[in-house]
Amino acid sequence: MEKNVLVATNISKSYVGVRALDKVSVTIKEGEVKCLAGENGCGKSTFVKLMSGVELADKGEGTIVLNGREIDKSKHNVISAINEGIQVIYQDLSLFDNMTVAENIALNKMIKEKRKLTNKKEVYEIAKAALEQIGVEMDLDAIIQEISIANRQIVAICRALALDAKLLFMDEPTTALTKKEIERLLDIVRALKAKGIAVVFISHKLDEVMSVADSITVFRDGKLVKNMEKDEFDVKKLVYYMTGREVEYSHYERKNTSDAPVLELKNMTKTGQYNNINLSVRAGDIVGLTGLLGSGRTELALSVFGLNPIEKGEICLNGKPVKIGSPVDAVRNGIALLPEERATQGLLLNKDMTDNVSVAILKQMTNAVGILNKKKRYDLANQMIKRFRVRIPNADTLIKTLSGGNQQKVVLGKWVASEPKLFILDSPTVGVDIGSKSEIYEQIQALAAEGMAVIIISDEVEEICANCNRVTVMFQGNIVKEFDEADMKGEDAQDKITEAIHSLTKSKAGKESETV
Amino acid sequence: MSKMKDSKKKFTFTTEKFLILIIVLYCIVVTCVNPGFFSAATLFDMIKSSAGSMVVAMGLLLVIITGGIDVSFTAVAISSGYIATTIMMNTGINNIFFGFAIAIIIGIVLGLINAVLIHVTKMEPFIITLATQSIFHGCLTTFVGTKNIGSVDIPTAITKFGGARLFTMTDEYGNKTGLSIYILIVIAVVALTWWIMYKTMLGRSVFALGCSAESARRAGFNSWKTHLFVYAYIGMLGAIYGMLSIGGVNACNPVSMVGTELTIIAAVIIGGAKVTGGSGSILGTLLGVFIMYLFNQTLVFLGFSSSWNNLFLGVVLIVSIVITSYQERRKNRRLFIFTE
């Protein structure tokens, strides 16, 4: 007989005046992999907070049953949730960066057991046992700061396992991972499932979700709109339930007729990163740059923006060779970079809209004697809010209060204000919900249509196919395949690109096994 | 992962290595200029005079690792020391353990006051302890007195304690030198601090809180308890620091000590503790304090006046924090994180 780990019935949550969750009922079975889907603000995070005891559900109607026992809703807290085996892996992972892998795995268990002393041997044993459960080996003495995000995530999972997790919530676990790392994570999820541990994903990436989930629960505006079982999964339907409308990405076609390249990379080489790269981007081109982590795509883009000094080769802008030694040179030459790490590298989170959009062009925002002109900045901010349809109360709103999608629009606005000739976008829709995604695509395509040269770096083949008129696939520092405009018009472009990336992974895996 | 294991242990130029290098080089230079420097007497003298600072630096290290700071410890030291001495004189209980007990109780109470204020008001520890420094010292000078207790009036137990030696030697000129029992207190405090830092959950919570307060809360650490502990601990060590300095100079001046706290904070930071919290080491801290006293006591051997002391200390402070941050930046650059 299948047991239910969690049965929530008619649960509601109101914040001052706002109903964040409205009579939601969710059942999670032992060993089930469930996905909570929905746009930002739909109530899925609120649901997790209620179940993990971070916040209290509204009084009155509604019950929560954990492991077969009804709990007192008004007394549920973090500790009681942990005791029932409910664990949340937050997006930031909540690890201690200066401590070792072993300590991070074992500490929470030792706190739970109200231990007063600690010793290395026991810490090691707890960590080893947890790692063994999912069949992963790891250097227990490594400091968290020095290991990859993917490994940090595994540490967080092991920490939950050490606490005898029965139900694991994972908030956006795949955003910072590459394709291969995601595969590894999904394998681990399957291993957990086999052990009878229920896993709940909260994710935007639909293809991954559908490959591993047994069921999908869709939230919209605080209400549960649909429960889907595995046999009825369908991307189009899912998107419809999430957004309440049909979303179709428009394919981009270049209309510009000039063939003169805006950017030309000639024989660019940096040992260990990329090798003999030749690439040209014309006005109106949207070039997709894809490949696995370690393919050199991000490193190449950083070189063009002056953050990663090149060893050999030449960067030409409008036919003239230029030297780009720092981001200052890059901006002066009309290059803009939308970084992957939006929060730390793209935005001033604690500043308002006005400050953020004007920061790249402060010189144009001043009066005759060089003092900032308030009106000019407000006009710019309002213009960008309108143009990019940023959902924001007003230009004085702090950026950190906005959702991922709206924040990304602000980054776009900042660079568009500087009127770049070449715009490099690194993973432009990471952590962005589907509704905003299509709006961001529209804007990127509009910019290219106006004559800007655009490079999109992305893992998502779907994103590349919708937006790019040319695609370059990199692998281990080399360009291994290029798709031109004719290729991209073909119906099967998406499959071909996936195949190009996939076949390389296979041959790489083959090589690795040979060397072992 | 295999890559991680294969990577050779590269030599990293840590703060501790840098400090040891400086100490060795400096000692060589001073010995060349003035061979009289290299003697047991100099070493013993330095151990005794730096003992108090080393003790209190251990408490400061823990506070800094939690991401906090305490600038009130000098006020705690002189308040508890002065009050303890006064009580010893007034009650006539001429016993050093009694004096220490009184001082430590006062120190812990003052430390707890700091902890409560910091935890409840959620204000910057720097501001709170800056205020309590004035309050503690103000209370002392207003309500207890500003009268200097000279070597004649001071309880003989303190005099005896200050002069006590583990062993005594006589050098070629007939001067008696010896190793002060202060070193036992330093060893005990260092061992206790090491045990707390690495062997108890409380010590782990100190590091955890400094790494990320939010993660520590989610993990179930009680930040309230941790705050109470670290500020009470530095309060206690501050009191010991007070008693050691009173014994060292065989006098008790209520307007001394306060104002010297930044030098000791600088010494802890020279030792590699990060002011943002989360990391710091006992060895580094001891070396930091040692360097400070090395300059303090031996610049005269080089023919410099004591005013050079601050200049040297400032230079070492800058070089040492630059090394720490450069190491980190290089690491970040390899992971493509650009912080500059």
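The model is predicted, so local features need pLDDT of at least 70 and side-chain atom pairs count only at pLDDT 80 or more, while totals for chains, interfaces and linings use all residues. Residues are numbered from 1 along each chain as its sequence is written, with chains lettered from A and ligands numbered from 1 in the order in which they are written.

Chain A splits into domain 1 (4-243), domain 2 (249-334 + 420-516) and domain 3 (347-419); the bounds come from an automatic or database domain assignment. Taken over C-alpha atoms, the centres of domain 1 and domain 3 of chain A sit 36 Å apart.

Chain A also has an open, antiparallel sheet of four strands, ordered E2-E1-E4-E5. Its edges are strand E2 (18-29) and strand E5 (69-70) of chain A, each pairing on one side only. Strands here are DSSP runs of at least two residues (E), helices runs of at least four (H or I), numbered from the N terminus; pairing takes at least two DSSP bridges. Strands E1 (residues 4-15) and E4 (residues 63-66) of chain A share four bridges, and A:Thr9 stands opposite A:Thr63 in E4(A).

Over in chain B, B:Ile270 belongs to helix H12 (residues 261-270). Why does B:Ile270 count as buried? Because 28 other C-beta atoms lie within 10 Å, and the cut-off for buried is 20 or more (exposed is 12 or fewer, partly exposed in between), with C-beta atoms placed from the backbone. The C-alpha atoms of B:Ile270 and B:Leu21 are separated by 13 Å, though the two are 249 residues apart along the chain.
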